[in-house]
Amino acid sequence: MVIAGLASRLQCEVVLRASVPASPAENRMNVRIHRGAHEIGGSCVEVEYRGGRLVLDVGKPLWAGWDEKVPLPAIRGLADGLDPSLAGVIISHPHLDHYGLIDQVDPTVPVYIGREAALLLDAATFFSAAGTTLHPAGYLVHRVPIRIGAFTVTPYLADHSGFDSYSLLVEAGGNRLFYTGDLRGHGRKSRLFDELLAYTPKGVDALLCEGTHIRGSARPEVGGADTGRSEADVEHSLAERMRGTAGAVAVLSSAQNIDRLVTVYRACLRAGRTLVTDLYTASLADAIGRETIPKPEFPSYRAYVPNRQRVLVRESGQFHRIDLVRSCRVFPEWLADHAGEVTLLQPASTVPELLRTGVLVNGAVVWSMWPGYLRQRSGERLQQELKAASVPFVLDHASGHASVADLRRLVDALSPRSVVPIHTEAADRYHNVFGNVTLRDDGEWWTV
Ligand SMILES: [Zn+2]
């Protein structure tokens with residue numbers, strides 16, 4: 001009993017110590033990275049000012065499997081909603097490694113996210129585990145400050161492969177923390193990156209800077225293989241490939257990568273082809289409802305509903321979902337007949353049925369996602385199937401993350417008092433790229 005009592009007291013002390021800064025600086029902002037100081041993905045940051053707290057992202061680590069439950073970081077009030085000093089959670093963008101643990105957050109904790117990001121995640125729930133329905137207390141709007149507890153947060157819409165992504169300026173008591181979230185300067189919204197460089201927030205004390213492309217190699221990478229290509233490059237090379245392919249071109253991508261949807265559609269228009277998306281992609285574009293995003297009523301647009309999605313609709317009884325594509329729906333026979341005139345934008349799981357129905361005869365398949373997935377079993381199987389069918393398989397992708405050169409431009413423009421690494425596997429390499437770097441560990445409280 002004595003030992004059990006001691007153990008539980010020790011446990012209480014550990015929890016207490018973990019939840020209060022070791023030496024809280026009263027009028028300063030205190031920050032603790034819960035995950036991401038030495039890891040890409042699973043980002044979670046707690047910010048504290050005079051006892052009030054705010055959480056930036058509650059990501060699921062990339063190492064966790066789809067069905068694997070990862071516990072929430074130890075943040076008071078996050079799981080039970082019982083601590084009013086927790087003012088809210090901000091989700092910077094709708095990627096699992098930034099929002100993936102949100103379902104474990106108590107529903108009374110206020111959540112903030114971009115409006116279109118919330119629409120996208122909600123529409124995704126029918127098709128994928130990478131979706132969720134949120135009930136945001138407020139929405140992030142580009143350069144419009146919002147007050148959350150003791151904090152003023154100004155979102156900056158960012159160029160990223162995740163849709164409706166924001167960097168965040170968090171201010172309290174004259175202290176300023178800028179969290180990049182995930183961003184790049186070479187996507188479809190690169191003007192936002194240029195705008196951030198031209199009209200930077202002033203007086204940033206600490207910059208929490210993503211460094212996905214800062215690598216553990218001896219020399220800092222400046223525009224390596226994954227970072228050298230832009231969305232515009234992909235648009236041009238895809239158009240070229242469409243012109244040079246006799247049959248259908250199938251581009252495999254994530255339905256949630258809306259930038260890539262626009263890139264592929266623009267490439268189709270350049271090459272005089274019709275874009276054929278799946279129902280998932282069409283549903284996301286419809287849910288977001290923005291005029292500039294290709295959707296079923298657009299010219300040169302058709303939809304093919306792959307078997308997996310047909311089964312989903314049938315088994316759920318939600319046949320109204322097909323209405324969205326009824327007027328532009330095509331079937332394998334039509335695709336095979338018009339192979340040289342179409343480019344399919346589909347999930348990788350559609351490839352076997354395209355092979356079976358002859359749609360890919362004289363065609364080509366383009367992998368337009370992170371190449372790391374190809375090392376997984378499903379990726380290897382896909383390559384074997386295409387090889388057996390003699391269908392050319394190529395990679396054409398632009399990274400969702402900034403090149404080291406662009407990160408350097410960002411840091412120069414913001415000129416923060418200190419740069420703190422996050423969303424990186426090479427924090428110890430930041431010194432090679434920037435001055436005034438301060439390394440922080442997961443779980444460590446520090447003062448801005
Ligand atoms: Zn992301």
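Angles under 35 degrees count as roughly parallel, over 145 as roughly antiparallel, 65 to 115 as roughly perpendicular and the rest as oblique. The model is predicted: local features need pLDDT of at least 70, side-chain atom pairs count only at pLDDT 80 or more, and totals for chains, interfaces and linings use all residues. Residues are numbered from 1 along each chain as its sequence is written, and side-chain values use heavy atoms, with hydrogens and water left out.

**Exercise 1.** Describe how helix α4 packs with helix α12.

Step 1. The axes of α4 (residues 190-198) and α12 (residues 404-414) are 8 Å apart, at an angle of about 30°; axes are lines fitted to C-alpha atoms over the stretch in contact, and angles run from 0 to 180 degrees between N-to-C directions.

Step 2. The two helices α4 and α12 are therefore roughly parallel.

Step 3. F193, D194, L196 and L197 of α4 make the contact with D406, R409, L410 and A413 of α12 (contact: heavy atoms within 4.5 Å).

**Exercise 2.** Determine how α7 is placed relative to α3 and to the rest of the structure.

Step 1. Helix α3 (residues 115-124) packs on α7 (residues 279-288) at about 145°, with axes 9 Å apart.

Step 2. E116, L119, L120, A123 and A124 of α3 meet Y280, S283, L284, A287 and I288 of α7.

Step 3. Eight of the 10 residues of α7 are buried, so α7 is largely enclosed by the rest of the structure (buried: under 20% relative accessible area, 1.4 Å probe, protein chains only).

Step 4. The cover over these buried residues includes α3, α6 (258-271) and β13 (274-277).

Key: Helix = DSSP H or I, 4+ residues; strand = E, 2+ residues; numbered from the N terminus. Buried < 20%, exposed > 50% of the residue type's maximum accessible area, 1.4 Å probe, protein only.
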